[in-house]
Amino acid sequence: MARRLDRQLRALAMHRAAPADAPIMAAIHATCFSPPWNEAVMSQLLASPGVLCLIGATAEIVASPAGLLIARRAADEAELLTLAVAPPCRHAGLGRALLERAIADLRASGARQLFLEVDEGNAAAIALYRAFGARPVGKRPGYYESGANAVIFSLALSDSAFDYGQIAEKPHDDQR
Ligand SMILES: CC(C)(COP(=O)(O)OP(=O)(O)OC[C@H]1O[C@@H](n2cnc3c(N)ncnc32)[C@H](O)[C@@H]1OP(=O)(O)O)[C@@H](O)C(=O)NCCC(=O)NCCS
């Protein structure tokens with residue numbers, strides 16, 4: 001088990017994106033979202049204060065980065081702006097590794113709470129967020145162009161973070 005985990009960790013590579021990475025960031029985003037964020041958007045994000053951009057690759061596809069995570073921190077709160085793993089590279093632990101690294105970096109920079117917004121039909125992302133302990137705290141009806149609802153998840157990054165999830169998931173007295 002420990003050896004398997006070690007192999008997996010060595011097979012994934014991650015780094016903070018630099019300005020020159022804007023084209024590859026746009027390319028990764030385009031493999032997952034329509035309309036994609038173009039290079040200009042990526043450059044703007046890379047230049048924005050408080051924005052964390054991570055790029056990840058799997059050993060099988062080292063030549064072309066496969067995963068992207070962008071988060072923004074303001075004071076002690078952070079928001080996941082996007083997380084994308086190119087289809088051929090999924091199910092290799094890259095999404096989990098990117099989120100794990102982002103959580104560590106955001107925590108180190110002073111964030112105590114991370115908000116994550118996701119299409120309520122996106123089972124993969126929801127399972128991933130829940131695996132980290134994120135809890136649903138709100139809904140935006142018809143938020144996406146497709147008409148799908150967005151669910152907002154909250155993840156406490158520090159012991160003293162306010163637990164929004166406890167309120168959202170606690171049944172009301174009249175629902176029992
Ligand atoms: C969501 C996404 C980032 C997951 O990336 P990934 O590299 O394939 O995920 P991992 O291999 O690290 O899997 C981690 C966990 O996520 C969950 N998961 C991933 N894919 C899943 C799927 N198809 N169905 C259900 N759960 C899934 C599982 O809990 C998994 O843990 P497990 O392997 O122990 O079961 C990827 O599917 C993706 O880019 N999707 C399109 C873009 C998107 O929806 N982004 C998130 C919203 S912004």
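Strands β6 and β7 (residues 150-156) pair in the antiparallel sense over five bridges; two strands count as paired if DSSP finds at least two bridges between them. Within β7, S154 is the bridge partner of R135. The model described here is predicted: local features need pLDDT of at least 70, side-chain atom pairs count only at pLDDT 80 or more, and totals for chains, interfaces and linings use all residues. Residues are numbered from 1 along each chain as its sequence is written. Helices (H or I, at least four residues) and strands (E, at least two) are DSSP runs, numbered from the N terminus.

The open sheet comprises seven strands in the order β1-β2-β3-β4-β5-β7-β6, with mixed pairing. Its edges are formed by β1 (12-16) and β6 (135-140), each of which pairs on one side only. From one strand to the next, the twist averages 25°, where axes are lines fitted to C-alpha atoms, for helices over the stretch in contact, and angles run from 0 to 180 degrees between N-to-C directions. Helix α2 (residues 22-30) packs on this sheet and touches β2 (51-58), β3 (67-74) and β4 (77-85), contact requiring C-beta atoms, placed from the backbone, to lie within 7 Å. The direction of α2 makes about 105° with that of β3.

Around the ligand are 20 residues, of which R90, G95, R96, A124 and A127 come nearest; a residue is included if its C-beta atom, placed from the backbone, lies within 6 Å of the molecule. The elements giving two or more residues to this shell are β4, α4 (94-108) and α5 (123-131), and α5 gives the most, with six residues.

Methods:
Two residues are in contact if their C-beta atoms, placed from the backbone, lie within 7 Å.
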